[in-house]
Amino acid sequence: MNTEPKPIYGDGNPETHPLTWRLSKQEFVRSADDYEALEGYAGFKKALTMPPKDVLEVIKAATVKGRGGAGFPAGIKWSLMAPNDGGPRYLICNADEMEPGTFKDRLLMEKLPHQLIEGMLIAGYTLEATHGYIFIRGEYIEAAAYLNEALEQIRAKGYLGENILGTGWNFEMHVHTGAGRYICGEETALINSLEGRRANPRTKPPFPQVAGAWGRPTIVNNVETYNNLPAILLRGPEWYINLSAGKSKDPGTKIYGASGKVKFPGLWELPFGTTAREVIEDHAGGMRDGLKLKAWLPGGASTDFLAAEHIDLPMDAESIMKAGSRLGTCLLMVVDETQCMVSATRNLEEFFARESCGFCTPCRDGLPWAVKALKALEDGTGKKEDIDHLQELTRKLWIGKTFCAHAPGAMEPLMGALKYFRGEFEAKVVNAAAQTRNVEQA
């Protein structure tokens, strides 16, 4: 078990830690000149020597999966973008990062802003985009400032604007700070917010690739997804796929993290397929002294709780799905044996209820009912029917029953808690009944 914090960049080798190796050279790399001295913009410049369709084939061959939580292959998503008709085409970075327990994108933007921008330049060139937007949550004040500074630096170098590096490609980028709603993590709600509208999800189809921002073809990807692109252009798809060879079918590395009562909460770039035990015990130093792991969320608040017995699972999409949860953002939230699962679940459901956009009835009304039932169990006034009601909500607020994935995501931790820790919920009812009998006898 690790006895001291491990750095995110591991051995600092660009061949094994493409996302973070530069941080082994400097604490942060915010200057364009410093970034270029560390292979910065080399992937972008290589992309400019290729036809856009060939760059797309490289990304498809690497099978880069989205890093925002859904895991959809970026190359396939890009290939569905409507053909260029000479009008505006938009590229958006989802930097909203309001998933509780998730803080990986913040680190990348604050310490390596140029890496995100280079990835977006590669994507913008590939998709023949005309404008790029970094949609960032308003609370990320420092990250937004560093990104704006970085954009000014590369604009002075001719990497933004008209006829970029003599290629004839015109492209501009902007940082847009959001007003702070979790629902903006859903790409169509994000687009509505970017346009100045209420952040409600849109009906799909049409998908953003065909009719997105201002009715034009639009691609939305996560911060970490774009950060993968420069190294792939430099080193090739085969190298990228082999980063996780022998551990997982998912290619590349992932920024894993751990929060909760571990000794060293933090982030680490590791190959896909790294086990939860390695993340928690080797990198996060294990549980704090005197505490024992009881449960964990594999990828932020909107994933199903798993039990301590699942700790040896590889952290990849297939393995976590077979165990009954979802990989999500790969930032583990741990719960120790002193913590009540009813209270932990209630805390999460309160967040989701508050963040509902209110557009559809199951989500708007169902999530507050879940909170009400959990609070009753927590304060000793709950009944067995409340547990049955919670179980019913996990079905009625599931995929296909609501307008978007917000409510199903909210149901995931509740489903996991009821599946593996139902006894704690039932004990609340038994204890409440016993207290009532004692009062009556007195």
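A residue is called buried here when its relative accessible area is under 20%, exposed when that value is over 50%, and partly exposed in between. In this predicted model, buried residues make up 57% of the 442 residues in the protein, and the accessible surface comes to about 17,900 Å², of which 53% belongs to carbon and sulfur atoms.

The overall fold can be taken next. The protein contains 16 helices and nine strands. Its radius of gyration is 23 Å, close to the 22 Å given by the globule rule for 442 residues, so the protein is as compact as a globular protein of that length. Taken along the principal axes, the C-alpha atoms fill a box of roughly 90 × 50 × 35 Å. Among the contacts with a separation of 6 or more, 70% are accounted for by residues 24 or more positions apart. As for charge, the protein carries 50 positive and 56 negative side chains, and the centres of these two sets lie 4 Å apart.

The cysteines deserve a separate look. A disulfide is a covalent bond between the sulfur atoms of two cysteines. With a cut-off of 2.5 Å between the sulfur atoms, the count comes to zero disulfides. C330 is in no disulfide, and the nearest cysteine sulfur, that of C93, is 18 Å away; C330 has a relative accessibility of 0% and therefore counts as buried. The sulfur of C404 has its closest cysteine sulfur in C357, at 6.1 Å, which is too far for a bond. C404 is also buried, because its relative accessible area is 17%, a value to be read against the limit of 20%.

In the loop between α8 (187-194) and β4 (218-222), where P205 is found, the peptide bond from K204 to P205 is cis, with omega near 0 degrees. The peptide bond from P205 to P206 is likewise cis, with omega near 0 degrees, and P206 lies in the loop between α8 and β4.

Positive phi values occur at two residues considered here. E97, in the loop between β1 (90-95) and α5 (104-111), has a positive phi of about 35 degrees although it is not a glycine, and E97 counts as buried because its relative accessibility is 8%. N163, which is not a glycine either, has a positive phi of about 50 degrees and is placed in the loop between α7 (141-156) and β3 (172-177). With a relative accessible area of 42%, N163 is partly exposed.

How values were computed
Residues are numbered from 1 along each chain as its sequence is written. This is a predicted model: local features need pLDDT of at least 70, side-chain atom pairs count only at pLDDT 80 or more; totals for chains, interfaces and linings use all residues. Side-chain values use heavy atoms; hydrogens and water are left out. Helices (H or I, at least four residues) and strands (E, at least two) are DSSP runs, numbered from the N terminus. The radius of gyration is taken over C-alpha atoms; the globule rule is 2.2 Å times the number of residues to the power 0.38. Buried means under 20% relative accessible area, exposed over 50%, partly exposed in between (1.4 Å probe, protein chains only). Contact means heavy atoms within 4.5 Å. Accessible areas come from the Shrake-Rupley method with a 1.4 Å probe; for residues, only the protein chains shown count as cover. Lys and Arg count as positive and Asp and Glu as negative; His and the chain ends are not counted. The place of a charge is taken as NZ of Lys, CZ of Arg, CG of Asp or CD of Glu.
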